[in-house]
Amino acid sequence: MSKTDTPDPKQERDQRTTWPLELGSDDLRRMVDAAMERVVAHLESLPQQPLSYTTGGEELARSLREDKLPEEATPFTDLLATVFDQGLQKTYNTPSPGYLAYIPGGGLLHAAVADLIANAINRYVGVWVAAPGLVELEANVIRWFCQMVGYPESSLGVLTSGGSLANFTAIVTARRNRLGDDFLRGTLYCSDQVHHSITKAAMLAGFPENNIRQVPSDRLQRIQIEALKTQIDGDRQAGMEPFLVVGSAGTVNTGAVDDFEALADVAREQRLWLHTDGAYGGFFALTDRGRETMLGLEMADSITLDPHKGLFLPYGTGCLLVRDKVALQKAHHLEADYMPEMQQVPDLVDFCELSPELSRDFRGLRVWLPLKMHGISVFREALDEKLDLAAWACEELRAIEHMEIVAEPQLSILAFRLEPPGLDDGAIDELNRELLRRINDRQRVFLTATTLEGRFVIRICVLSFRTHLDRMRQALEDIREAVREVLAA
């Protein structure tokens with residue numbers, strides 16, 4: 001080797017100084033190691049961290065506000081301190097085992113590792129030809145999901161940022177397949193328990209808000225089929241164009257599951273697109289009990305799923321499945337001179353042909369990696385455990401004097417309310433608000449409330465891979481003690 005072939009260490013250092021964005025391997029390792037040290041310490045302390053300490057949040061937010069663009073460099077360790085020592089304060093502790101509020105997002109660390117890899121290799125996966133191997137890994141995930149819900153080989157879908165974008169994509173797909181360009185007489189149907197993202201999606205898809213029909217629900221919070229038929233018939237007689245009905249595979253209020261077989265009959269008779277919002281509950285179809293509860297799920301034309309709920313992944317991982325992939329492509333196909341020719345091979349896919357996104361991250365890896373590492377049986381067993389825990393909590397609550405189970409768990413959500421005799425509805429509402437405050441003040445679990453038929457009720461949602469019987473026992477201990485306190489006050 002000649003002298004000119006030998007690298008000059010000083011020259012390499014000078015080059016790194018000249019191009020600071022090109023980190024050297026040692027700098028990169030130190031950066032990742034420092035971040036990982038913080039992450040591990042945070043995760044190890046999760047069970048002891050407060051569940052919902054938000055007092056002083058406004059002051060914290062204002063203290064972190066920066067009005068001037070940063071011109072100078074800040075040491076990485078200082079930036080980590082800003083995130084972990086300040087930014088993480090005053091939050092809802094959503095990954096905690098005690099977080100039983102709303103619909104939790106688990107945040108499997110496997111997915112964070114997958115995202116590190118995906119962002120580091122930074123390949124474009126919007127079109128197949130740009131990264132055929134990586135696109136195929138993500139397409140595998142979609143095919144697995146289609147198998148989970150019982151869809152045929154003609155189905156396909158796309159990973160999204162969450163259920164809201166999936167619902168939007170579904171409504172646009174239904175509109176473009178069932179209505180013409182003049183679609184403003186199109187009407188959509190959902191229950192009064194449906195997630196608000198359906199209404200927002202319909203509005204963003206161009207429909208006037210009064211074209212969205214909310215059909216009353218029954219005592220189990222399921223859409224009333226006869227009321228739905230009556231509404232559709234009335235709209236047709238008024239010159240409207242009914243084209244879509246939405247069912248719920250687990251409502252956000254109580255986890256209610258609509259009668260999909262009956263909805264499929266209505267959709268077929270009325271020539272409607274049937275969409276199912278399974279963002280919360282759809283993955284329970286992996287379990288025997290979930291499949292029994294959601295009979296007919298596979299009859300839907302499209303299904304929204306949220307892996308960041310039912311598969312315990314980090315926020316930002318949603319999914320739309322469509323029974324007929326041609327319908328999905330028809331709704332999104334558009335050509336441009338600067339684009340390569342799209343796939344014509346039936347078993348290959350260009351994701352830009354299936355969603356509004358052209359630029360998109362390689363989000364499939366965060367699903368593929370944990371599923372391949374563990375196999376689906378581990379996730380099935382975890383979901384079965386959540387069904388067991390919700391059923392156990394329901395029976396424990398039922399044993400508390402004056403406690404009413406307002407919504408039995410159809411999946412892993414239940415709603416309850418303390419109703420001692422001698423109080424009117426308003427006083428009972430206030431009593432339960434105080435009960436909820438006392439439960440949450442103990443900071444071992446965090447519950448939320450909702451309103452059902454005008455009554456204030458408390459909810460428990462069990463959907464974290466970290467939540468097990470020990471934490472549920474703590475939840476019931478805190479509920480019983482809080483009940484004793486409010487009744488004695």
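My entries below go from the sheet to the helices on it, then to one helix pair.

I'm working with a predicted model. I looked up the strand order first: 7 strands make an open sheet, running S1-S7-S6-S5-S4-S2-S3, and the pairing is mixed. Which strands stand at the edges? They are S1 (156-160) and S3 (212-215); each has a single partner strand, so one side of each is left without a neighbour in the sheet.

S1 pairs with S7 (residues 318-322) in the antiparallel sense, over 5 bridges. I picked out Val 158, whose bridge partner in S7 is Leu 320.

I then turned to H8 (residues 196-204), which lies across S2 (186-191), S3, S4 (241-248) and S5 (273-278). Against S3, H8 runs at about 160 degrees.

How far apart are the axes of H9 and H10? I get 11 Å, with H9 (residues 225-237) and H10 (residues 260-270) packing at an angle of about 15 degrees. Angles under 35 degrees count as roughly parallel, so H9 is roughly parallel to H10. Their crossing is right-handed. I listed the contact residues too: Ile 225, Leu 228, Lys 229, Ile 232, Asp 233 and Arg 236 in H9 meet Ala 262, Leu 263, Val 266 and Gln 270 in H10. By class, that contact has 6 nonpolar, 1 polar and 3 charged residues.

Terms used:
Residues numbered from 1 in each chain as written. Predicted model: local features only at pLDDT ≥ 70, side-chain atom pairs only at ≥ 80, totals over all residues. Heavy atoms only, no water. Axes fitted to C-alpha atoms, helices over the stretch in contact; angles between N-to-C directions. Helix = DSSP H or I, 4+ residues; strand = E, 2+ residues; numbered from the N terminus. Parallel < 35°, antiparallel > 145°, perpendicular 65-115°, else oblique. Left-handed = near helix turned anticlockwise from the far one by under 90°. Contact = heavy atoms within 4.5 Å. Nonpolar A, V, L, I, M, F, W, Y, C, P; charged D, E, K, R; others polar. Pairing = 2+ DSSP bridges.
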